[in-house]
Structure formats: structure tokens, C-alpha cells
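Hi everyone, thanks for coming. Please have a look at the sequence and the structure on the screen before I start.

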Protein chains: 2
Amino acid sequence: MIDKLIEKIEKTHAPIVVGLDPMMSYIPGHIQQKAFAEYGETLEGAAEAIWQFNKEIVDNTFDLIPAVKPQIAMYEQFGIPGLQAFKKTVDYCHEKGLVVIGDIKRGDIGSTSAAYAAGHIGTVKVGSKTYMPFSEDFVTVNPYLGTDGVKPFVDVCREEKKGLFILVKTSNPSSGEFQDRLIDGRPLYELVGEKVAEWGADCMGERYSYIGAVVGATYPEMGKVLRKIMPKSFILVPGYGAQGGKGADLAHFFNEDGLGAIVNSSRGIIAAYKQEEYAKFGEEHFAEASRAAVEAMQKDIESALANRN
Amino acid sequence: MIDKLIEKIEKTHAPIVVGLDPMMSYIPGHIQQKAFAEYGETLEGAAEAIWQFNKEIVDNTFDLIPAVKPQIAMYEQFGIPGLQAFKKTVDYCHEKGLVVIGDIKRGDIGSTSAAYAAGHIGTVKVGSKTYMPFSEDFVTVNPYLGTDGVKPFVDVCREEKKGLFILVKTSNPSSGEFQDRLIDGRPLYELVGEKVAEWGADCMGERYSYIGAVVGATYPEMGKVLRKIMPKSFILVPGYGAQGGKGADLAHFFNEDGLGAIVNSSRGIIAAYKQEEYAKFGEEHFAEASRAAVEAMQKDIESALANRN
């Protein structure tokens, strides 16, 4: 799957992933009203609004981008109907040829991680039959439990040719509270980064490993160091745009080959119509605003890569 | 909710939580066959088998125990139908008066953690209506992202009188890989434990905080230290039984008042009929074997507490 991701990045010239993290406040009134008219002000109504919102954004951006990253929490908060909208979104993005990164941040003891891995990127057996319940292409994983909590995900990746992005240095303001603490003079995130490289070593695609890392755009200097520690790992970079990361900061996350990173933007794209810059599209044409925001992001990153030292 | 949990522990004399972590291999053949006859060898069939298995165990143990802890991964692996069985289990346990600890180990950046908290222990708004999608009483939370990833859960706990158990030192063999690393001479798990005490300080029930911690039974010496670092936090102790933790090891997790800890057993109870000791019950009467295993566990812990130094 890492090979497919790279192929699509090279074809689109866009190391970009659109974060499908729909908050109700992002969804234009006309979509909400239509969904509520059909399903009432229910969890089903909320799920329908999310799905219609996603569909229109995907329809307007799929040819420009290699991948999407639905954040499962935004669906899970609406219970079972919300998770049905998640699944529907994953399936629809696959139909459109997109790589799907499930932002699930799971991680547990071995047997439990194995269950998450089976459900999200692998298969489960029921009697004599086999199913792929959520069937994302990549998932994000939390490393706090150490190797035996991550290994079951890695094993499924090897079998199914799927991939992971393991949390190394997250984009949020207090990520340093534990992740930056020094251990024998080096921050914890570097030790986690070394483990990512180790876990990924026997799980290689053509040029990069199936096992990648998450490093926030908000910490470019740390990205520079981590880039060297995990040379064969793709880095998923959240925090661009709304969280404060800028194009110029991103160059350090890429390798000399121009690959090795994929930058996520969620709010900055899916709620672009709420920004002054894209207000001209109006709420009705929110998905065209998203398309324009993707094009601007693509140019920003391309020029950052062209101008790097 | 911590007050209700304590009240129920005192009434049952059992600081015990039954882990409802059904693997298909635990579920007796007759339950699977009946479910598959009705729903086919489908995800719905697997979910029905899980639900019937859980129901029989709950019916046979609910009067002996204060709480259950369904591990959501075991449901999520069967996709949407699996999660429907999770929700059905939560609701049924509530009907039976049990406290429900959702073992979800979620944790993300602020806005995303807020969505998980709303969906699992809080409420979501849809138009003018309000819903409680999963409505567990407690959930487990991963601290790797630091304060701003945990705070949204704490805020919901305060509003809704719900509770958390935050991963501090997990029960699995490789938990030490990151959690035991020394920072200024002290292991990371101690720093996390201090934060748990801090997060819980302004979120107090009558005797204990709403904010507790997870510390594995497999690490009793560390439990002793953490008990002192977080005197007002309840400790959820996994790893008893099948993972190797013994009653005598558990005394250190409790305070002088005989409270402060609740011990989980999953496989040791729900699959008790597979152990030699309980084989006499037979597969048909698996839930009676579970009841006998709860009774034995209760005695083991009671005697460990009575004989502690």
C-alpha cells in the first residue's frame, strides 16, 4: 500500500492528505436541514449530514490528492450511525481510487491490538467465512504500550500489504509533556522514532517501509532530526494550516528524493468556505472552496520543496 | 460514578471487575451454532454469539460484582455489528445495575479527545436534541499526548459525574520499553502517575477522585510506589489470573482503608470452563463456571487483603 501511496503522490504532485474530520459546525445549513428532514434530529440524521458533506468534498477533490484521513472520533461520537457513516466514507473513497488512512490511534496489549488490527486493516473469521470489517489502507497507532502492543499491527501489515503511521511526536501544544522528556540525554520521541525504524525494517515496500510515523508540522526542528532517524519511514504530518504549521516548515520532513512525507490538512480544507480567502464561494459551494484550498496547499508545499536549502 | 462504584464494592465485598472481552474461541459451540443458524456465518452472526455469551455471563455474576469492563476492540473487530453488540452489552449491564468501564484506550489532540469523550461518557447535540451515544460510566484513556489530550475527558467527567482510568503502567511484557525509561532518575510511569493525581485533584467524589489509573497486576512493586503517588486515585488493575498476577501481589494496590483498587479478570472468568479446575461444569454450563471463578477470585483477594503486612 505504501507503493500505491507513493505512485499516487508522484502522479498528483501532491504529498497531501485531506483530513475528513467533520464537525457539525463545519457542515453547511442546507445539508444539515436536508438530513434532518429525512431522518429527524437524530444520530442517524447527524450521520447522514456527515456523509453527504464528505461525499461532496471527495467528489470535488479526489483527482487532486492521493489520500484521505478520516478521523474516526468525529464519527464515533455519533455512536453506531456515526460509525456507519465512517464505513460508508471509507468505501466511497476506495471507489474513487483514494488511499484511506484511518486515524484511529488505537494501541493496547498484544491480543487486543491484534483485534484492532484485524478489524481495521485485516480480516476476521466467522465460522468458515472471512470478512474485512473496516478495510482502511493505513491506520495510526499509539506506541505507549511498547513493541508487543504494536507488533500485531505490523504483522497484519506484512500479510495484507497495509501500513501504519505510529505516533512519534504529535502536533498538539502539550505533546512535549511526556514525548520531549530526556532519557539518557535524548527525548522520548527519538527513542520511539528509532523503534519505528526497527519495526519497519522487515516490512519494506519498493522504496519505503510499510511502517511510518506521525510527526506534527508544528515541530519542524524535531521533524528534521526524526527524518534522519527513520530514513525509510514515511512521515504523516498533521498540524498544517489551522494548527499553525506552514509550508516552509515542511521541507525538513521530506527526503532528498522529494518523498518521505505526506501532509494532512483537515479544517483548512473541509471548512475552507469559512475562511475569508474562500468566502466568495459561499456556503452552497463549500466543496469548490475545498478544491481551491487543496490547490493552494499543493502550490505552497511544492514551492517549499523547490526552495529548500 | 466513583461514589457508586465504591458503594457497590463495599456491598459486594468484591473489588472485582469482570472483563467482557469475548474472543470467538471462548464462545461455546452451541451458542455459535445457534447464532449462525439465525444470522449465517456473518458479522451479524458473530455479534449475536458475543451478545448471547455476554448475557449469560452477566446473568450469572451480576449480583456478585460491582462492575464489568467490556474491551471495545473485541467488538470493533467485527465492524458495525460488533459495535452494536458492545452497545447492547453496555445497556444490559446498566439494566442489571452494574458500573460499566469501557476499555477503549482512546486519546488524541484536544478537539478529537473531546469527540471521544462526548461519544463515550458524555452527550452530543444534533440540532436541538441531545443524545448519549455509548454511555459508559468510566473509560480508559491513553496519556501519550499529554494534558491537552486528557483534559477534554476530565471536563466531561466533571460535568457528567463519570470517571476515567488513565494508562500509567500497563500489564503487558513490553510495557517497560517506554514507560520504565528514566527521566531525571525516575521512570516515566511515575511522571504520568503524578499527572493523574494532578488531573484528578479538582474532580473529587466523596473519598476518591473521578480520575483513576491503570496499573498492571504483573508489576506489584511499581504498584506500591504508584499507590503513594496517587493516593486519591482508584487503580484499575488488569493482568490478574491469565496474565500472571496473583492475589498476594495485589495488596499493594489498595490503600489502608481497603479501597483504592479494582482488579480485572477477563479470560480467567469468562472462559473459566476451559480451565481444568472448572471443567466439571462443562461447555453447556460455562456461565456457572464463570460464577464459581468470580467467587474464587473474591476469596483470593479478600484473603490477600486480610493477610497483608
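I'll talk about how the two chains meet, and then about some pairs of side chains.

A word on the model first. It is a predicted one, where local features need pLDDT of at least 70 and side-chain atom pairs count only at pLDDT 80 or more, while totals for chains, interfaces and linings use all residues. Residues are numbered from 1 along each chain as its sequence is written, chains are lettered from A and ligands numbered from 1 in the order in which they are written, and side-chain values use heavy atoms, with hydrogens and water left out.

So, how are the copies related?

Now the interface. Taking contact as heavy atoms within 4.5 Å, 69 residues of chain B touch 69 residues of chain A. The copies meet through the same surface, because 100% of the interface residues of chain B are also interface residues in chain A. The buried area is about 5700 Å², with 62% from carbon and sulfur atoms; that is accessible area (1.4 Å probe) lost on putting the two parts together, summed over both. B:E41, B:Y144 and B:F178 supply 15% of what chain B buries against chain A, more than any other three residues.

Which charged pairs cross over? There are six salt bridges between chain B and chain A, counting a side-chain nitrogen of Lys or Arg within 4 Å of a carboxyl oxygen of Asp or Glu. One of them pairs B:R181 with A:D184, the closest N and O atoms being 3.4 Å apart. Another salt bridge links B:D108 and A:K105, at 2.9 Å between the closest N and O atoms. Over all chains, the structure holds 36 salt bridges.

Last, the rings. There are 14 aromatic pairs over all chains, where rings of Phe, Tyr and Trp (its six-membered ring) pair if their centres lie within 6.5 Å, and planes under 30 degrees apart are stacked, over 60 edge-to-face and the rest tilted. A:F86 and A:F134 have ring centres 6.0 Å apart and planes at 65 degrees, so the pair is edge-to-face.

Thanks, and I'm happy to take questions.
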